[in-house]
Amino acid sequence: MTINRLSVRAAFLAVSSAAAVLLSATGCRHSDIVELPLTWHEGFGPFDLSFSGDRAYNPDSDASAPAITGFPDGMSEIRTGIFETNILQTCYEDHIAGRMSDERYGHLLEAWGWIPDTTVLSRNHVDTQIAFAVGKCQDGALCIAVDTDGDSDLSDEKPLVLTETDSLFNSAERDSILSANTVIATVEQYDGKSIKRRPLPLVLSYDSKSGIIFKGMAEHATARHKGVELAVRTDNLAYNF
């Protein structure tokens, strides 16, 4: 597969509904904008593996722990946490709702070099977060249960035994080990017109040294432009599709 470098930039510039916007290398003039239909695929495709880390908390004593109503049978030593799939939407929404101060919001804008694009950010609540629980399965193995259906109840979820993150990167059988460590969750996304729910494949792993749970948004898209096949990837900071 031939990958045009413009495709990587397209993932950050605009992926709203099913089209990517590519800008020519000569600048950002309106005449240089080309909109292409995207076809989405599960997996990282031609891109390197990419993960972000999340911590789990004691649900009995830590205010950061999410509210979860049930856990899988036999799971013990439970800690809970949240996978964030679109931090930009969450920050924008929190600021609009008054849960984030102007000072804090301004600091994030400056630190991230972020100019909010209100055409793809909703003033209404968008469920971009996925709850999870980490603990020991009945056989003593470290496992994770993910709220794949968004109901805050993990009692109906099948725990996944966690693999060390290094094993994912070092495996010679990349596709098979990624598939074995993938769960399909459901998130909401605002496409500029309405809020929709859709599936999101997550590759999960664990770093025993730091105690951090790692997630990778295992999805990429392809398109063709002037005979060249392009690819765009999901960004772990802002899940746009």
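Me: What is the strand order in the open sheet that contains β5, and in which sense do its strands pair?

Reply: As a general idea, strands of a sheet pair through backbone hydrogen bonds, either parallel or antiparallel. In this model, which is predicted, the open sheet has 4 strands in the order β5-β12-β11-β10, and their pairing is antiparallel. Residues 52–54 of β5 and residues 182–190 of β10 form the edges, and because each has a single partner strand, one side of each is left without a neighbour in the sheet. Taken on average, with direction ignored, neighbouring strands of this sheet are turned by 40° against each other.

Me: How many bridges hold β5 to its partner β12, and which residue of β12 is paired with Asp54?

Reply: Between β5 and β12, the latter covering residues 212–217, there are 3 bridges in the antiparallel sense, and the bridge partner of Asp54 in β12 is Ile213.

Me: Where does Thr128 lie, and is it buried or exposed?

Reply: Thr128 is found in the loop between α3 (102–112) and β7. Its relative accessibility is 3%, and because buried means under 20%, Thr128 counts as buried. The side chain of Thr128 also makes a polar contact, at 2.7 Å, with the side chain of Glu84.

Me: How should I read a pocket, and what lines the second largest pocket here?

Reply: The general idea is that rolling a probe the size of a water molecule over the atoms shows where empty space is left. Here the second largest pocket has a volume of about 300 Å³, and its lining consists of 18 residues, of which Ile82, His125, Asp127, Gln129 and Ile130 lie nearest its centre. At least two residues of this lining are supplied by each of α2 (87–96) and β7 (129–136).

Me: How many residues of each class are in that lining?

Reply: Sorted by class, the lining of the second largest pocket has 7 polar, 6 nonpolar and 5 charged residues.

Notes. Residues numbered from 1 in each chain as written. Predicted model: local features only at pLDDT ≥ 70, side-chain atom pairs only at ≥ 80, totals over all residues. Heavy atoms only, no water. Pairing = 2+ DSSP bridges. Axes fitted to C-alpha atoms, helices over the stretch in contact; angles between N-to-C directions. 1 Å grid on protein atoms, 1.4 Å probe; cavity = no way out; pocket = protein on both sides within 12 Å on 5 of 7 lines; lining within 4 Å. Points joined across faces, edges and corners; volume = space filled by probe spheres on them. Nonpolar A, V, L, I, M, F, W, Y, C, P; charged D, E, K, R; others polar. Buried < 20%, exposed > 50% of the residue type's maximum accessible area, 1.4 Å probe, protein only. Polar contact = N/O pair within 3.5 Å; in protein donor to acceptor, adjacent residues only side chain to side chain.
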